[in-house]
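Subject: Structure for you to look at

Hello,

Here is the structure I promised to pass on. Please open it first, then read my notes below.

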Amino acid sequence: VEEVDAIIDKAGSTVFAEIQGYIDCCIKLSGMPDLTLSFMNPRLFDDVSFHPCVRFKRWESERILSFIPPDGNFRLMSYHIGSQNIVAIPIYVRHNISFREAGGGRLDITVGPKQTIGRTVESVIIEIPMPRAVLNCSLTPNQGKYSFDPVSKVLIWDVGRIDTAKLPSLRGTINLQSGAAAVESNPAINVQFTISQLAVSGLKVNRL
C-alpha cells in the first residue's frame with residue numbers, strides 16, 4: 001500500500017511529492033518458515049521501520065528482509081520515499097475555475113488517468129475549499145455526484161471509478177455574494193484516489 005502526498009501546479013507539473021508505503025502480510029503457514037524478501041531497487045527508501053521479526057543487521061548489510069513471520073495479519077515494513085525522487089502521479093486534473101465580479105463564476109473540471117500501466121483508478125474524490133464569497137454552486141457531473149456545504153464552503157465531487165472511454169467532468173456556474181470583494185486566487189484542489197496493484201514509487205519485489 002502506498003500513499004502519495006503531492007502538490008501539483010496549474011500546468012500539471014509536480015512541485016512536491018513524497019510517498020509513505022506499507023507492506024502488510026497475512027501468514028497462514030505451518031511450522032516456523034524462515035523467509036527472505038529482496039527488492040529490485042531498495043535504494044529508493046529514505047526511511048524504513050520493521051516488524052520485530054525482521055533481522056535488522058542483515059537488512060543493514062545486504063538490503064534483504066530476513067524474518068520468521070508470526071501467524072495471521074501483521075505489518076512487515078513501513079517506508080518513506082522523499083521528494084528528491086521522481087514520482088509519477090498517476091492521475092491528472094484539468095480545471096478552469098473563474099470568479100467574476102458580476103455575482104457569478106464558472107467551474108469546469110475533468111479528471112483522467114496518467115501512467116497507470118493499464119490499472120483502473122477507483123474511489124476518486126475531488127474536494128475544493130471555495131472562497132467565503134461563494135453562496136452556492138449549480139453544477140452538472142457526467143459521472144458521480146457532488147455536494148456543496150454553504151457553511152464550510154467545501155465542494156465535494158464523488159467521482160468513483162474512472163472510465164477512460166468517457167472521462168469524468170463537472171461543469172456549471174458558481175454563485176457569489178453581491179458586492180463581495182474580488183477573489184484574488186483560485187482554490188486548491190484536493191484529490192483522493194485508489195489504484196490496486198500499482199506501486200507509484202516504482203518499487204519492485206525481486207524475490208520472496
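The protein splits into two domains: domain 1 covers 2-87 and domain 2 covers 91-195. These bounds come from an automatic or database domain assignment. Between the C-alpha centres of domain 1 and domain 2 there are 34 Å.

Before the details, some ground rules. This is a predicted model, where local features need pLDDT of at least 70, side-chain atom pairs count only at pLDDT 80 or more, and totals for chains, interfaces and linings use all residues. Residues are numbered from 1 along each chain as its sequence is written, and side-chain values use heavy atoms, with hydrogens and water left out.

Now the sheets. Strands here are DSSP runs of E, at least two residues long, numbered from the N terminus. Two of them count as paired if DSSP finds at least two bridges between them.

Sheet S1-S2-S6-S4

Four strands make up this open sheet, in the order S1-S2-S6-S4, and they pair antiparallel. Which strands stand at the edges? They are S1 (2-8) and S4 (47-50); each has a single partner strand, so one side of each is left without a neighbour in the sheet. On average, neighbouring strands are turned by 15 degrees against each other, direction ignored. The angle is taken between axes, which are lines fitted to C-alpha atoms; angles run from 0 to 180 degrees between N-to-C directions.

Strand S6 (residues 72-81) pairs with S4 through four antiparallel bridges. Aspartate 47 sits opposite histidine 80 of S6. Serine 49 has serine 78 of S6 as its bridge partner. S6 also pairs with strand S2 (residues 14-27), again antiparallel, over nine bridges. There, histidine 80 of S6 is the bridge partner of glutamine 20.

Sheet S7-S8-S13-S10

This open sheet also has four strands, in the order S7-S8-S13-S10, with antiparallel pairing. S7 (91-99) and S10 (134-141) are the edge strands; each has a single partner strand, so one side of each lacks a neighbour in the sheet.

S10 runs antiparallel to strand S13 (residues 169-176), and seven bridges join them. Valine 134 stands opposite leucine 176 in S13.

Best wishes
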